[in-house]
Each structure stands twice: as structure tokens, then as C-alpha cells.
Amino acid sequence: MKPTLADATRGRILFGGDYNPEQWPEETWHEDVRLMREAGVNSVTVGVFSWSRLEPEPGAREFGWLDRLMDLLHEHGIGVVLATPTSSPPPWLGRLHPDTLPRDADGRTEWWGGRQHFSHSSATYRRYAAAITEDLAARYAGHPALIMWHINNEYCTFDYGDEAAAAFRRWLRERYGSLDALNAAWGTAFWSQGYDTWDGILPPRRPHYMKNPGQVLDFRRFTSDMLLECYTAERDIVRRHTPRLPVTTNFMPLWTGQDGWRWAREEDVVSVDLYPDPRDPLGAQAGALVQDLTRSQARGPWMLMEQAAGPVNWRGANHPKPRGLNRLWSLQAVARGADAVCYFQWRQSRQGAEKFHSGMLGHAGPEGRTHQEVKRLGADLARIADQVCGTRITADVAILHDWDSWWAGDHEGRLSTRFDLPEVLTAWHRALWEAHLTADFAHPEDDLSGYRLVVAPQLYLLTDSAVDNLLAYTGGGGTLVSGFLTGVVDRDDRVRPGGMDARLRELFGIRTLHEWWPLEAGETVGCEGFRGTLWSEEIEPEPGAAETVPYRGGELDGLPAVLRRGRAWYLSTLPEPEALRSLLAGIAAGAGVRPVLDGLPRGVEAVRRGGLLFLLNHGREPVTVPVPGTHRDLLGDADVTDAVTLGRYGVAVLRS
């Protein structure tokens with residue numbers, strides 16, 4: 001049995017962040033560990049960007065400073081999540097081995113001087129990465145401070161260079177076996193693109209006009225696989241030395257470059273970096289979406305590897321978090337399954353590209369508001385840890401998402417450049433979130449039988465197995481709601497006859513899908529009882545076979561905007577937010593799905609985790625929440641009866 005997050009938490013909520021002590025004189029380290037202890041920090045991630053310090057020249061090893069640091073942290077009871085430093089190679093690697101540097105789609109080299117400047121397909125890069133990983137694992141495998149491994153950091157490198165081209169050809173040979181099969185999958189009969197030799201195939205570098213979408217789809221699959229090979233190679237090294245310690249690498253939220261479902265299966269701990277905009281009125285919902293997705297990938301407790309205690313440094317205007325918001329969003333993550341709440345980074349840098357990215361200990365020092373709030377959060381997490389760690393969240397609703405479908409739909413020749421899958425996914429999740437319906441995410445080929453309601457905001461690409469799975473789900477009594485442009489193509493991005501899988505058309509009661517009608521920016525379409533946005537479709541329903549909500553006015557007047565046949569619903573437009581929320585809440589109620597808690601004031605979020613009820617006020621004004629019965633508020637250490645008052649950005653964690 002492989003290790004889990006519980007092997008690192010040991011009944012605690014891990015609390016801390018990236019620690020980069022090589023930026024500071026060693027006397028500062030002692031102040032750091034003292035302040036960490038005062039703040040309740042029990043773990044730090046070390047070594048993420050330390051390659052040039054550990055290996056200042058080829059083959060050299062400078063471990064003395066890390067030895068002293070590991071010992072110091074252990075002496076103060078602070079566990080170490082030790083990172084392999086391979087996301088940011090030292091300048092000498094690129095200078096001596098140019099084959100390790102990636103190239104963009106225009107053939108331009110991405111040089112050292114930033115980070116993530118490595119070719120995932122370079123044998124030289126992989127050899128040096130394995131060597132430093134091997135030596136780290138051998139040296140620190142028995143160190144008592146070590147609680148977990150963190151491989152690389154935010155894998156996000158695309159590479160169109162010669163090393164990647166050779167690897168892409170090998171990958172395609174393994175996938176297709178023959179050029180005939182590849183040509184058929186890519187539809188190379190179009191525009192005279194047929195390949196007569198494997199050597200003629202390149203990554204989708206910049207052409208004169210549009211790229212072949214089949215080639216682009218496979219290149220995205222290939223990129224995810226090559227990065228995954230880099231991860232598993234290092235994971236296997238550290239696992240050989242420390243088989244009982246869990247291993248992770250940190251996802252970026254809904255990043256297009258990794259198939260998150262496939263990657264999660266290779267991790268002992270699923271972790272994510274999460275940075276909602278504090279100025280975004282829907283920042284809490286954006287966070288909840290990522291938290292729900294990460295929990296679903298982990299199939300249980302997960303790790304918030306990075307967040308910001310205050311401002312970041314990459315937005316046009318980088319605003320701090322108002323008083324109380326950091327605590328609120330951190331506890332929201334715990335409510336939605338996190339057993340670790342960590343930051344980038346512990347001490348705010350004084351130099352480098354991220355010196356204005358906040359830290360748990362900011363430029364204002366220990367007396368600064370940000371650090372004082374961090375200390376309060378540390379105490380809160382310690383107070384609830386024994387009641388929370390390892391507990392699960394039960395959801396009756398699943399949201400379907402698939403990276404293959406996202407990649408296939410995001411090509412140059414699509415019907416609307418206004419269509420953005422994350423925005424559509426966010427709109428549907430928001431509707432459920434505002435209706436207080438907790439949702440998991442799932443792959444369309446997963447077992448869905450445990451859910452009363454399954455929603456598919458948009459699945460442009462559906463495999464035959466996925467279609468069979470959806471039919472089996474509805475045939476077994478489940479309720480399915482699908483958004484527009486679903487089931488259009490097969491696994492090779494080949495349009496299905498009729499513009500939609502015939503079995504799905506029958507399921508939803510669609511006789512003919514005549515045309516897709518994407519909407520312009522700011523354009524809406526009238527529907528009976530609401531207005532639709534972004535998209536519409538010219539659909540002819542089966543006579544007498546479907547219940548419909550019609551379009552009103554315009555070219556589609558009288559045709560169905562929403563269809564229902566039995567337990568299957570199809571939305572051919574994106575209703576405005578209140579309408580989508582009302583529609584999904586009504587369908588959920590019909591499927592037997594209830595809100596977490598009735599009568600919640602606007603802006604209050606409720607989540608049940610294990611035997612605890614989390615109540616989170618996302619507003620700036622105090623609110624009173626009706627909660628029938630008597631409960632113990634673990635944060636306030638007091639009993640509450642029939643109601644609880646939440647202050648600005650307030651949180652209550654109630655136990656019956």
C-alpha cells in the first residue's frame with residue numbers, strides 16, 4: 001500500500017510554507033524557527049529553487065548548509081517537505097548543454113535567468129535531474145525531520161525543439177503503430193498533409209496558416225506525458241530510498257498542460273497552488289472550484305501547497321488581502337478537504353522577481369498585520385485538527401471534466417474564440433455553489449453510480465466508452481444535465497455524424513442538430529423565463545418526445561433552448577447566472593439532492609466535512625445563520641443554539 005497524506009500529517013493539519021533560507025544569512029534562520037513556532041508552523045517545504053546552491057558547478061555537492069538547516073528545523077519540531085530542485089536548473093547546465101533548453105513554437109530558445117527553463121525530453125536534463133535527486137534522497141532518507149517529498153515545482157514547460165520533436169515521434173509510433181493510422185487520426189487528407197515518413201513529423205511549430213487540430217491535440221497529450229515521465233522518474237528515486245514517505249508535486253489550478261486525472265493517479269498526495277484574486281467578488285467560488293477538483297483528484301484529503309498571505313506580484317494591480325480574508329479562505333480549503341494549508345512563502349524575499357509577492361512573514365516584520373493573522377490561523381488549525389484530519393466529504397452531485405475534451409475544443413478553427421472552457425465550467429460550478437450543493441468532479445468514464453445528479457457543462461470530445469457510461473448512468477436511474485457542444489467529436493477530434501453522437505441525441509430527444517449559433521460579445525438570446533449567453537443551437541426535437549423551454553424571438557424563435565427526456569436534460573445555451581442556478585437547483589431537488597443547510601443568508605457558504613459543519617461568511621457585514629439544535633463551535637470554544645452569528649469574513653466550525 002502506497003503512503004498517504006496521513007503519513008505526513010499524523011493527526012495534524014500541516015501548516016507552513018516554502019522556506020528559502022539560502023536567501024538569508026544563517027543567523028536569520030534562528031529567528032525564523034522561533035517565529036515559526038510562535039505561529040504554529042509545523043512543516044516547511046525546503047529546496048524548491050536550490051539547485052545552483054546544492055550543485056554550484058557540474059558534479060559538485062554543497063550539502064553542508066542543508067544539513068544544518070534540517071537539523072535546526074528538527075530541533076524545533078518542524079517537519080520538512082524536501083523538494084527536488086529540478087524546476088530551475090543552474091545557468092551552467094544550459095550553458096554547457098544547450099540541448100537542455102526548451103524552444104517555443106517559433107523556434108526561439110528559452111534561456112536561463114528565470115525558471116522552468118528545461119526541455120522535458122532532453123536526456124541530458126533528465127540525467128542531471130536524476131543525479132541530484134539520487135544524492136538528495138540518499139543523504140536525507142534517514143533524517144528525522146523529513147516527512148514528505150515534493151518533486152520539481154509547477155510543471156508547466158512546453159517544448160517545440162529538436163529534443164521534443166524526436167520524443168514526439170517516438171510517442172506517436174507507440175500510440176499509432178503505423179503512419180496509416182496516424183494519417184487517419186489526424187485527417188491529413190485535408191490540405192495535403194499526409195506523412196510518408198516518421199522523420200517528417202514535427203511538433204506543431206508556427207505554420208503559415210492554421211495548425212492541424214489533430215496534431216495539436218496529440219502534442220498536448222504528449223507534453224503531459226513527457227512531464228509526467230520527468231515526475232515519475234524522480235518519484236521512483238526517492239521512493240526507493242524512503243518507501244514509507246508520501247510524494248507529491250504541486251498542480252496549478254485548471255492548467256491546460258497536464259491531464260490532472262492521469263497525474264493524480266501517480267501521486268501519493270495531490271497538492272495544488274491556489275491564488276484567487278482578493279478583489280474578485282467571486283474569488284471564494286473560484287477557490288471552491290479548485291478545492292473541489294483537487295479533492296476529487298485526490299479521492300480524499302489533499303494539500304494546499306501554495307497560497308498568498310497577502311498580495312501576489314503578477315496581476316496588473318496586486319492588492320493585499322483585506323483583514324480576515326486570508327483566514328477565511330484558508331479555512332474554506334479545510335472545509336473542502338484540505339489537511340494541509342501552506343504558503344509561498346515563509347519569509348518575503350528582499351531581492352529577485354518575487355520580492356513583492358507576500359510571505360507569512362512580510363516586509364513589515366513580526367508586528368505586521370499579515371503575520372499576526374497568520375499566527376491566529378495557526379492557532380485555529382491546531383484547535384480543530386484532531387476533529388478534521390482524515391475526514392471525508394460526501395457529495396450527491398458530480399461535475400464532469402476531461403482534459404482531452406478541453407484540449408480538443410481549444411483549437412484555432414473553433415466556432416467561437418469567445419468560448420473558454422474554464423469560464424463555462426466556472427459558471428456551472430458557481431450555480432451549484434450558490435445553491436449550496438456540494439459537488440465532486442469526475443472523469444466522464446468514472447463510475448457515476450454513487451451520484452444522484454451528474455452535470456456535464458461541456459464535453460466537446462467524448463469517447464465511445466464515455467458515452468456508454470453516461471447512458472448506463474441514466475439507465476440506472478441517475479439524472480444527467482448536459483451543456484451545449486457536447487459529444488461533437490470522437491477521441492481523434494473527428495466530428496460525429498449529425499454533429500453530435502447519435503446515442504446522445506436519442507437520450508436528450510434531439511431529432512436534428514441543424515446549426516450551432518455562437519453569440520457575439522455582449523449578445524444574449526431570449527428564452528422563456530430567462531436570457532441565454534455565449535451560445536445557442538438550432539435544434540429540432542423528436543416529435544412529442546421531449547419537454548422543452550423555447551427560445552423567444554430571433555432566428556431560433558420557438559425552438560428548444562432546454563430539452564428534457566426522462567432523466568436527461570440538455571441546455572443549448574448558457575443561462576445567465578441566476579437562471580442557471582435556479583434551473584440546476586430545481587433539477588437537483590427533483591433528483592433528491594438537498595442543500596447543505598436551508599435558510600442560509602446571502603454570501604454564507606456551508607460545507608459538511610465528516611461530522612463537522614463549516615459556516616463561512618464571505619461578506620463584510622455580520623450575519624446570523626439559523627442552525628437548528630445545539631452545537632459546539634470549535635473555533636469559539638462555545639455552545640451555540642439554533643443560530644450562530646458570523647462577523648466580517650467570519651467562520652464557525654460546528655460539532656453536533
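**View 1. Contacts of aspartate 18 in the predicted model.** Beyond its neighbours within four places in sequence, aspartate 18 is in contact with Thr45, Val48, Glu306, Tyr343, Phe344, Gln345 and Trp346. Aspartate 18 itself lies in strand β1, which spans residues 14–19.

**View 2. Aspartate 18 and arginine 115.** Aspartate 18 is buried but takes part in no salt bridge. Arginine 115 provides the nearest side chain of opposite charge, at a separation of 7.4 Å.

**View 3. The open sheet β15-β16-β21.** Three strands make up this sheet in the order given, and their pairing is antiparallel. Strands β15 (524–527) and β21 (574–575) stand at the edges; each has a single partner strand, so one side of each is left without a neighbour in the sheet.

**View 4. Pairing of strands β16 and β21.** Strand β16, comprising residues 530–533, runs antiparallel to β21 and is joined to β21 by two bridges. Threonine 533 has leucine 574, in β21, as its bridge partner.

**View 5. Glycine 475 in helix α16.** Helix α16 covers residues 464–475 and includes glycine 475. Glycine 475 has a relative accessible area of 68% and is therefore classed as exposed, the cut-off for this class being over 50%. Between the C-alpha atoms of glycine 475 and threonine 641 the separation is 44 Å, and the two residues are 166 residues apart along the chain.

Definitions and conventions: Residues are numbered from 1 along each chain as its sequence is written. This is a predicted model: local features need pLDDT of at least 70, side-chain atom pairs count only at pLDDT 80 or more; totals for chains, interfaces and linings use all residues. Side-chain values use heavy atoms; hydrogens and water are left out. Helices (H or I, at least four residues) and strands (E, at least two) are DSSP runs, numbered from the N terminus. Buried means under 20% relative accessible area, exposed over 50%, partly exposed in between (1.4 Å probe, protein chains only). Lys and Arg count as positive and Asp and Glu as negative; His and the chain ends are not counted. A salt bridge is a side-chain nitrogen of Lys or Arg within 4 Å of a carboxyl oxygen of Asp or Glu. Contact means heavy atoms within 4.5 Å. Two strands pair if DSSP finds at least two bridges between them.
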